[in-house]
Amino acid sequence: MFSVNIFTAIIVLIMGIYDMSYAFNRRKQPNNKGGIKAFMILGIIFTIAGIVIIVRCLLK
């Protein structure tokens, strides 16, 4: 299938954690019209994908 480097998996994981922390830190600011939910959803998706890619790289 795909040949993914372990560093790519780490970057995806870091990006997911960063998106979730951005959403978490901005949740109490006024004038949030749903963009925070999108960042949280993307953060969760990237975090799960990063963990899956790391596990697949280590089990290879």
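A residue counts as buried under 20% relative accessible area, as exposed over 50%, and as partly exposed in between, using a 1.4 Å probe and protein chains only. This is a predicted model, in which local features need pLDDT of at least 70, side-chain atom pairs count only at pLDDT 80 or more, and totals for chains, interfaces and linings use all residues. Residues are numbered from 1 along each chain as its sequence is written, and side-chain values use heavy atoms, with hydrogens and water left out.

Select T47. T47 has a relative accessible area of 13%, so it is buried. It sits in helix α2, residues 35–59; a helix here is a DSSP run of H or I with at least four residues, numbered from the N terminus. Leaving out residues up to four places away in sequence, T47 touches L13, G16, I17 and M20, where contact means heavy atoms within 4.5 Å.

Next, select D19 in helix α1, residues 6–25. Which residues is D19 in contact with, apart from neighbours within four places in sequence? They are F39, L42, G43 and F46. D19 is buried but has no salt bridge, meaning a side-chain nitrogen of Lys or Arg within 4 Å of a carboxyl oxygen of Asp or Glu. The nearest side chain of opposite charge, R26, is 11 Å away; Lys and Arg count as positive, Asp and Glu as negative, while His and the chain ends are not counted.

Now zoom out. The C-alpha trace of the protein chain spans about 45 × 15 × 10 Å along its principal axes. Buried residues make up 20% of the 60 residues.

Note on methods
Helix = DSSP H or I, 4+ residues; strand = E, 2+ residues; numbered from the N terminus.
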